[in-house]
Amino acid sequence: MNLPKAELHLHIEGTLEPELAFALAARNGIELPYADTEELRRAYLFDDLQSFLDLYYGLMAVLHTEADFEELADAYLARAAAQGVRHAEIFFDPQAHTARGVDIGTVIEGLGRALDRSEERHGVSTRLIMCFLRDESAESALAALDAAKPYLHRITGVGLDSAEVGHPPVKFREVYEAAAALGLRRVAHAGEEGPPAYITEALDILGVERIDHGLRCMEDPELVSRLVRERIPLTLCPLSNVRLRAVDILEEHPLGRMMAAGLMCTVNSDDPAYFGGYVGDTFHAVHEALGLGPEQLRELARNSFEASFLEDDEERRARYLAEVAAYEFE
Ligand SMILES: Nc1ncnc2[nH]cnc12
Ligand SMILES: [Zn+2]
């Protein structure tokens, strides 16, 4: 769906399509444990977040050089642009690469090369958000933040991802304090598989401005009231929730109820190479499965720009919002 939109929850490593994975494996002399792209795709049957993460971190082994990261990001931006994305705030997982011996500078400069050309090539403005792996230690996250210091001009904010349950936001209190002191914006995954209390902690202890997922807030009516009152954006990922079995089928996704409750929802693709669709596909899917009509889709698109980190470019935000208002549905 070509409705102009911002994508606010997108792991660049989750855009690694099987074809590119095999091409990079061949280029870098790496043998993948799959015969071909078909066999790899057949492995995309996940039971939960962890079963996905195991494959996701494994396949990253093909990413080595700046050129690899550049190609990955450029391929995503081309696909996103074709689905109406005008602005993308892109997550990356530096610790998943440094743990394999790939320097953080290689990752950031490689992604940066694609992002620098994105407006000219794809008409997509971008921001970069570095995520800490919550199943690693706070010390490891602090080391990642320290290693990113020479590249802060390229980084807008920090996030928190990976296996959620058992790794509450409070574990990263000092890391987020340090990030805030560096002038970085703050977001965190919370309430994907973890309890509603993690959402409250992310807001109160980490000082986040948006909640990534936040699906499980619906179990706590007081939390819902607070999120509505404070207009905290939620970056929902409905196709991801189905593939990782947070909801059984898309028709049962609470997105419609969340919007009706007054929550500031956005829809995003999370890891589109693994979950069956990019963000335009996701808009189309929620239209079909949940019966969201044009004005609800327009609200989601408007929210995506309002929740985006475009404070340093309000003129651009206003332009994007005008495009949303003027969009004519077929
Ligand atoms: N949906 C997700 N939840 C947590 N960590 C992730 N890393 C990549 N995708 C993720
Ligand atoms: Zn995510």
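**Figure 1. Proline 168 in the loop between strand E4 (157-161) and helix H9 (173-181)**. The model shown here and in the views that follow is predicted. Proline 168 counts as partly exposed, because its relative accessibility is 22%. Buried would require under 20%. Alanine 190 lies 22 residues from proline 168 along the chain. The C-alpha atoms of these two residues are 8.6 Å apart.

**Figure 2. The zinc ion (ligand 2) and its protein donors**. His9, His11 and His189 each donate through NE2. Asp270 donates through OD. The donors lie 2.1 to 2.3 Å from the zinc ion. Along the chain they follow the spacing H-x1-H-x177-H-x80-D. Histidine 11 belongs to strand E1 (residues 5-11) and histidine 189 to strand E5 (residues 185-190), so this pair ties together parts that are 178 residues apart in sequence. Both histidine 11 and histidine 189 are buried.

**Figure 3. Angles at the zinc ion (ligand 2)**. The site has 4 donor atoms, with angles of 82 to 173° among them. A tetrahedral assignment would need all angles between 85 and 135 degrees. The site of the zinc ion is irregular. Ideal angles for four tetrahedral donors are 109.5 degrees.

**Figure 4. The largest cavity, with a volume of about 110 Å³**. The structure holds 2 cavities of 30 Å³ or more. Helix H3 (residues 49-59) gives the most to the lining, with 5 residues. By class, the lining of this cavity has 6 nonpolar, 4 polar and 5 charged residues.

**Figure 5. The second largest cavity, with about 40 Å³ of space**. Its lining consists of Leu49, Glu192, Glu193, Ser240, Asn241, Leu244 and Ala246. Of these residues, 3 are nonpolar, 2 polar and 2 charged.

**Figure 6. The largest pocket, with a volume of about 280 Å³**. It is lined by 16 residues. Closest to its centre are Thr126, Arg127, His153, Arg154 and Thr156. Helix H6 (104-116) and strand E3 (125-133) each supply at least two residues of the lining. The lining of the largest pocket divides into 6 nonpolar, 4 polar and 6 charged residues.

**Figure 7. The second largest pocket, with about 170 Å³ of space**. Met1 and Asn2 are among its lining residues. His284, His287, Pro294, Leu297, Tyr327, Phe329 and Glu330 also line this pocket. Helix H15 (279-290) and helix H16 (294-306) each contribute at least two residues. By class, the lining of the second largest pocket has 5 nonpolar residues, 3 polar and 1 charged.

**Figure 8. Helix H4 (residues 66-82) and the glycine that follows**. H4 has 17 residues, which at 1.5 Å a residue should span 24 Å. Its end C-alpha atoms are 24 Å apart, in agreement with that figure. Buried residues in H4 include Asp68, Phe69, Glu70, Leu72 and Ala73. Asp74, Tyr76, Leu77 and Ala80 are buried as well. Glycine 84 follows H4, and its phi is positive, near 90°.

**Figure 9. Histidine 213 in strand E6 (residues 210-213)**. Phi of histidine 213 is positive, about 80°, although this residue is not a glycine. Most residues other than glycine have a negative phi. Histidine 213 counts as buried, because its relative accessible area is 0%.

**Figure 10. Arginine 245 in the loop between helix H12 (238-243) and helix H13 (255-260)**. Arginine 245 is a residue other than glycine with a positive phi, near 65°. Its relative accessible area is 53%, so arginine 245 counts as exposed. The cut-off for exposed is over 50%.

Definitions and conventions: Residues numbered from 1 in each chain as written. Chains lettered and ligands numbered in written order. Predicted model: local features only at pLDDT ≥ 70, side-chain atom pairs only at ≥ 80, totals over all residues. Heavy atoms only, no water. Donors = N, O, S within 2.8 Å, 3.2 Å for Na, K, Ca; no water. Tetrahedral: all angles 85-135°; square planar, octahedral: opposite > 155°, others 65-115°. Helix = DSSP H or I, 4+ residues; strand = E, 2+ residues; numbered from the N terminus. Buried < 20%, exposed > 50% of the residue type's maximum accessible area, 1.4 Å probe, protein only. Expected span 1.5 Å × (residues − 1). 1 Å grid on protein atoms, 1.4 Å probe; cavity = no way out; pocket = protein on both sides within 12 Å on 5 of 7 lines; lining within 4 Å. Points joined across faces, edges and corners; volume = space filled by probe spheres on them. Nonpolar A, V, L, I, M, F, W, Y, C, P; charged D, E, K, R; others polar.
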